[in-house]
Amino acid sequence: MLSTKNLSNLELSTYPQNEERDWRRLARHPTVRVMIRSTQPGTSRIPRPAIGATNTLPIQSHSPKAPPGRNPIITSRELPGPLGIVSLARLGVIKQLDDHANYMADQAASVQGRAAIVGTMMPPNAIACLTLALWVWIGGTFPDSLTVVSHSHFRTAVHGRPIRVLDRRLPPTACARLGSLRLTSPERTACDLACANEALLGFVDPVTAIIDLVEEYELDIADCLQILHANTRWPGHAHGVETLQRIALAYAVVDEDGQFPDGPGNPDSPGNPRDAQHQPASQSVLSKEQS
């Protein structure tokens with residue numbers, strides 16, 4: 001029996017080539033109609049892709065969301081069979097979590113939509129953090145695991161993803177709420193990413209992720225450094241401070257002596273912040289951290 005896992009690895013040459021026919025077939029499925037109508041209000045029929053098109057459907061300018069009362073996680077049983085699921089994924093209508101669960105790509109285009117998706121996957125009384133919180137704030141590829149802050153342990157995977165638990169105390173200022181989802185704030189998420197080891201980060205590059213947060217939410221690296229300086233016992237603290245200092249030096253947020261200037265940084269010194277992982281931190285900055 002064919003499964004979506006097996007079909008997702010098929011070459012395009014083995015896939016049905018008549019996309020006009022495929023799209024007409026998918027358009028007759030009731031779940032697909034509801035999905036498309038919920039992301040494109042006012043349309044009475046599903047838009048067809050151009051013949052031979054393999055790119056995703058255009059993202060709408062409004063904030064898409066699932067129909068009222070509908071779970072944002074769409075089970076494969078609701079979709080038109082394995083071939084139909086792969087067609088929808090290939091056309092960019094859905095994203096697959098595993099063989100049995102999917103979510104609408106348009107819903108993941110907004111912070112609120114991503115929060116609703118993650119909210120259905122969260123264990124009780126847990127707070128999303130690290131790469132899971134990063135996905136909600138920034139988007140991109142869904143993480144391989146669900147990293148949460150909790151005092152409990154969870155052994156059951158959710159949609160094929162294990163739950164990684166960090167038993168930590170979070171002050172109210174370190175948390176945010178989006179709908180029913182509790183997650184770490186962008187500042188706290190940046191600090192956690194800077195301190196995290198590779199096992200927790202997975203495929204995420206911490207420097208790139210932190211810079212994405214800085215640019216999207218106008219974070220001040222100096223504030224993040226102050227958070228770390230106030231919590232010297234955090235796991236990975238020294239590595240986190242060094243990572244943030246490298247990014248700060250690239251942005252010219254701190255000067256070469258590791259001090260926070262009152263005015264804007266020197267525009268002639270920052271360079272490309274996304275190359276910060278390749279730049280050595282100032283010896284004076286590191287010596288200040290070690291003292």
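How many aromatic pairs does the count come to? I got four aromatic pairs. The model I am reading is predicted.

**Entry 1: rings**

I opened the pair Tyr103 and Phe142 first. Their ring centres are 6.2 Å apart and their planes stand at 45 degrees, so I logged the pair as tilted. Next I looked up where the two rings sit. Tyr103 lies in strand E3, and Phe142 is in the loop between helix H6 (130–138) and strand E5 (146–149). The pair therefore ties together parts that are 39 residues apart in sequence. Both Tyr103 and Phe142 are buried.

Then I took Trp135 with Phe142. This aromatic pair is edge-to-face, with 4.7 Å from centre to centre and 65 degrees between the planes. Are these two residues buried or exposed? Trp135 has 1% relative accessibility, so it counts as buried. Phe142 has 5%, so it counts as buried too. I noted a cluster: ring pairs link Tyr103, Trp135 and Phe142.

**Entry 2: helix H6**

Trp135 sent me to its helix. H6 is mostly covered, with eight of its nine residues buried. Which residues of H6 are buried? I listed Leu130, Thr131, Leu132, Ala133, Leu134, Trp135, Val136 and Trp137. Just after H6 comes Gly139, and its phi is positive, about 95 degrees.

**Entry 3: the sheet with E3**

I found an open sheet of three strands in the order E1-E3-E2, with antiparallel pairing. Strand E1 (73–75) and strand E2 (94–96) are the edge strands, and each pairs on one side only. From one strand to the next, the twist averages 40 degrees. I then checked how E1 meets strand E3 (residues 101–104). The two run antiparallel and are joined by three bridges. One partner I looked up: Ile74 has Asn102 in E3 as its bridge partner.

What packs on the sheet? Helix H4 (residues 81–90) does, touching E2 and E3. The direction of H4 makes about 115 degrees with that of E2. I also recorded which H4 residues are buried: Gly84, Ile85, Val86, Ser87, Leu88 and Arg90. Arg90 is in that buried list, which I marked for a second look. Gly92 follows H4 and has a positive phi, near 85 degrees.

**Entry 4**

I moved on to strand E7 (residues 175–178) and strand E8 (residues 181–184). They pair in the antiparallel sense over four bridges. Which residue of E8 does Arg177 stand opposite? It is Arg182. The hairpin has two residues between the strands, and Gly179 in this hairpin takes a positive phi near 65 degrees.

**Entry 5: cysteines**

How many disulfides does the structure hold? I counted zero. Cys129 is in no disulfide, and the nearest cysteine sulfur, that of Cys175, is 9.8 Å away. Cys129 has 0% relative accessibility, so it counts as buried.

**Entry 6: Asp192**

Cys129 came up again when I looked at Asp192. Asp192 lies in helix H7 (residues 186–195). With 5% relative accessibility, Asp192 counts as buried. What does it touch, leaving out residues up to four places away in sequence? I read off Cys129, Leu130, Arg168, Thr184 and Trp234. Leu130 I had already logged among the buried residues of H6.

**Entry 7: helix H11 and Thr243**

My last stop was helix H11 (residues 237–251), which has 15 residues. H11 reaches 21 Å from its first C-alpha to its last, close to the 21 Å expected at 1.5 Å a residue. Its buried residues are His237, Gly240, Val241, Thr243, Leu244, Gln245, Ile247, Ala248, Leu249 and Ala250.

I picked out Thr243, which is in H11. At 10% relative accessibility, Thr243 counts as buried. Which residues does Thr243 touch, not counting those up to four places away in sequence? They are Ala194, Val207 and Ile210. I looked at Val207 in particular. The C-alpha atoms of Thr243 and Val207 are separated by 7.4 Å, and the two residues are 36 residues apart along the chain.

Key
Residues are numbered from 1 along each chain as its sequence is written. This is a predicted model: local features need pLDDT of at least 70, side-chain atom pairs count only at pLDDT 80 or more; totals for chains, interfaces and linings use all residues. Side-chain values use heavy atoms; hydrogens and water are left out. Two strands pair if DSSP finds at least two bridges between them. Axes are lines fitted to C-alpha atoms, for helices over the stretch in contact, and angles run from 0 to 180 degrees between N-to-C directions. Contact means heavy atoms within 4.5 Å. A disulfide is a pair of cysteine sulfur atoms within 2.5 Å. Buried means under 20% relative accessible area, exposed over 50%, partly exposed in between (1.4 Å probe, protein chains only). Rings of Phe, Tyr and Trp (its six-membered ring) pair if their centres lie within 6.5 Å; planes under 30 degrees apart count as stacked, over 60 as edge-to-face and the rest as tilted. The expected span of a helix is 1.5 Å times one less than its number of residues.
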